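These are my notebook entries on one protein chain. I record below what I looked up, entry by entry.

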Amino acid sequence: MGRIGVTPVAGVTPVLSVRLRGAACGQPAHLSPATWQHGGVTAATHSTLFPQVPDSADAVLEGLDPEQREVATALHGPVCVLAGAGTGKTRAITHRIAYGVRAGILQPSTVLAVTFTNRAAGEMRGRLRQLGAQGVQARTFHSAALRQLQYFWPKAVGGSMPRLVDRKIQLVADAAAACRVRLDRGELRDAAAEIEWAKVTQTVPADYALAAAKAGRDTPRDAAELAQLYSVYEDLKRDRSVIDFEDVLLLTVAILQDRRDVAEQIRAQYQHFVVDEYQDVSPLQQRLLELWLGERDSLCVVGDASQTIYSFTGATPDHLLDFRARHPGATVVKLVRDYRSTPQVVHLANGLLALARGRAADHRLELVSQRPAGPEPEYTAYADEPAEAEGAARRIRDLIASGVPASGIAILFRTNAQSETYEQALADVGVPYQLRGAERFFDRPEVRKAGIALRAAARFGGNDALLDDTVDLPSQVRAVLSGEGWTPQPPAGSGAVRESWESLAALVNLARDFAAARPGATLGDLVAELDERANAQHAPTVEGVTLASLHSAKGLEWDVVFLVGVAEGMMPITYARTDEQIEEERRLLYVGVTRARARLFVSWSLTRTPGGRPNRRPSRFLDGLRPGTAGATGQGAAGAVGGIERGTAPAAGAARAAGAVPRRTQRVPARCRVCGRTLTDAGEMKLMRCDDCPSDMDEGLYERLREWREEQARLSGQPAFCVFTDRTLMAIAETAPEDARELARIPGVGTRKLRRHGADVLAICAGQEPTDEEIDN
């Protein structure tokens with residue numbers, strides 16, 4: 001077997017390496033604006049529980065807004081999607097993959113979609129399945145690398161692969177003991193986190209102290225002491241023939257660098273890559289991605305620098321922000337239509353970022369809510385932390401009494417230590433809750449037992465007296481689960497019994513919805529659905545208020561959100577001292593705000609315990625935003641607007657060598673030429689007027705343009721909208737341009753279409769016959 005050790009690898013910052021054996025001898029269809037404009041769009045961040053699989057590739061595109069649609073149809077070359085919170089990024093990229101597969105442009109087995117959590121990967125697989133794109137690999141970086149490592153280890157290294165340890169705490173403890181360093185459990189966690197940071201930033205033990213100082217890390221122990229601990233930790237792993245999760249990436253990188261045959265085999269398998277949450281990529285993950293890609297550029301990345309909240313783990317938004325510099329020919333699509341939150345919530349979110357500083361803030365996106373108006377966020381100061389928890393619990397009890405489901409409410413806090421106070425407060429008022437980050441739904445004992453019982457009933461139900469009086473699928477499930485502890489009414493109180501009942505109730509509700517969506521479905525069909533959901537970690541809704549830290553709430557959303565403990569010392573946290581750390585805390589609060597769909601409650605307490613000195617003040621991040629503070633408008637300099645930017649740089653290699661960065665286009669707000677209102681809707685921006693404002697369109701010219709477009713579409717074998725969309729034709733008929741310069745100013749024309757169709761369009765506008773010539777630019 002090849003030796004495993006920490007050594008420099010040629011051509012890359014030092015990483016864990018292995019001593020290796022020698023190598024053995026389509027076009028989209030027309031989309032009517034009415035399907036997505038003015039509230040008619042399918043909610044960008046939601047899908048129905050059991051949607052029908054689209055019957056064609058074109059049907060996959062239905063309901064996407066123009067920018068999402070651009071993402072879905074941009075299937076070639078590098079693509080960068082800058083997606084604000086709630087703008088439907090997962091929807092856009094899953095429809096992109098599904099459209100490519102259904103149109104026959106992408107082969108499912110050649111696509112690798114990468115994200116950062118098993119939950120997100122499972123959600124992506126579930127959505128792709130609903131869109132009819134089975135066979136696409138959607139995995140975390142670690143999961144994808146582990147599969148490759150397990151497969152290629154015998155060939156590249158020889159022998160059995162070392163055992164993977166789930167948690168490194170015990171190894172760190174043993175290393176500390178060998179170094180004669182006493183660490184309590186908290187210090188062990190901190191030391192393990194430092195080792196993880198060093199490895200994902202490809203820092204070897206000898207370089208740790210210098211790298212930590214350069215990065216401005218607040219190390220939990222003396223840096224030299226941690227470097228020694230890190231070195232002994234690596235020695236212990238080698239001696240025991242085990243590897244940790246970071247080694248999975250490091251070893252995969254080493255093999256791909258040193259074994260060309262292995263790299264070529266993987267590149268032959270995976271030819272198209274999609275990376276979600278790209279702002280959270282570490283240097284090590286970026287290196288692995290580059291090795292997967294090789295010299296190709298079939299890459300789509302999606303992210304939002306304003307949601308970078310894991311830099312303490314080695315994540316950096318630089319790869320996202322530098323994407324155009326590395327890929328000058330990339331298409332960049334900005335998603336800013338927020339389908340999740342009301343204008344009032346979006347206003348606060350935009351205001352938070354308007355006061356931010358730093359590189360991520362320079363690239364922030366200005367969200368535009370697509371939802372009806374809702375209530376203003378509420379701000380409340382409490383005397384102490386127990387009073388704050390009791391106040392939140394009472395409000396939640398009243399909300400549930402008014403009809404808001406408990407599963408649509410969340411309490412979000414900065415640290416997990418704050419959870420206990422809120423658990424007790426909710427229990428005191430009889431409100432069920434669930435802890436985010438606790439045991440996964442399908443791993444719960446009661447859910448496992450329920451699955452076994454349902455599977456048995458599906459096989460042998462004809463001999464089960466429990467099912468004698470059942471008339472449909474929901475009643476069958478209720479009958480089976482009644483033997484596992486489900487009752488029509490929940491048990492009193494909270495705790496383990498109530499949590500178990502909530503899990504079974506979620507299965508009962510799922511069966512009801514499944515039967516409604518698929519009439520005639522059998523118990524066996526439901527069991528198959530549960531198996532698929534378990535594989536995708538697509539859990540049904542558990543009816544309880546969610547308690548979660550702000551970090552674990554990333555990627556989730558609720559109708560009502562309580563942001564608690566928003567006070568100095570907690571938000572920003574006490575140990576955030578540098579400007580970069582403070583700005584990350586601001587982004588963390590931004591993530592919390594943007595989890596709310598409709599109602600947002602922000603609170604803080606003046607002291608920790610009853611009777612304490614009231615010396616706390618609300619978070620500085622709320623200054624100028626909450627009522628009663630100076631400049632409380634929530635507005636600042638405008639962020640980037642939505643839209644599409646296409647790469648126009650010369651050869652990528654030359655541009656990269658020169659360090660070329662595309663010049664940023666200065667944009668000005670589009671205004672209606674009739675009433676002067678600022679336009680944010682893409683269709684209205686093409687017309688340069690509000691839909692409701694009077695049109696001066698030449699109807700006869702519009703019809704002649706439509707007839708010409710139909711002929712062009714027939715000759716080219718493309719859908720008519722690929723020539724010009726209805727909106728662009730309307731804009732042309734309203735403007736009646738007299739020369740190429742006037743025609744080029746109309747949104748939707750562009751250089752390529754101007755050159756190809758400009759002469760024809762100008763001839764038709766002048767009352768002449770089309771010329772079949774091209775305009776020479």
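Helices are DSSP runs of H or I with at least four residues, numbered from the N terminus. The model I consulted is predicted.

Entry on T115. I located T115 in strand β4, residues 111-115. Is T115 buried or exposed? The cut-off for buried is under 20% relative accessible area. T115 has 2%, so T115 is buried. Leaving out residues up to four places away in sequence, I listed its contacts, among them A120, R139, F141 and D276.

Entry on the open sheet. I traced six strands in the order β13-β18-β17-β14-β16-β15, with parallel pairing. The edge strands are β13 (378-382) and β15 (433-435), each of which pairs on one side only. From one strand to the next, the twist averages 25°. I counted three bridges between β15 and β16 (residues 545-549), and L435 has L547 of β16 as its bridge partner.

Entry on the helices at the sheet. Helix α18 (residues 419-428) lies across β14, β15 and β16, and runs at about 170° to β16. Helix α23 (residues 579-593) also packs on the sheet, where α23 touches β14, β17 and β18. The direction of α23 makes about 140° with that of β17.

Key
Residues numbered from 1 in each chain as written. Predicted model: local features only at pLDDT ≥ 70, side-chain atom pairs only at ≥ 80, totals over all residues. Heavy atoms only, no water. Helix = DSSP H or I, 4+ residues; strand = E, 2+ residues; numbered from the N terminus. Buried < 20%, exposed > 50% of the residue type's maximum accessible area, 1.4 Å probe, protein only. Contact = heavy atoms within 4.5 Å. Pairing = 2+ DSSP bridges. Axes fitted to C-alpha atoms, helices over the stretch in contact; angles between N-to-C directions.
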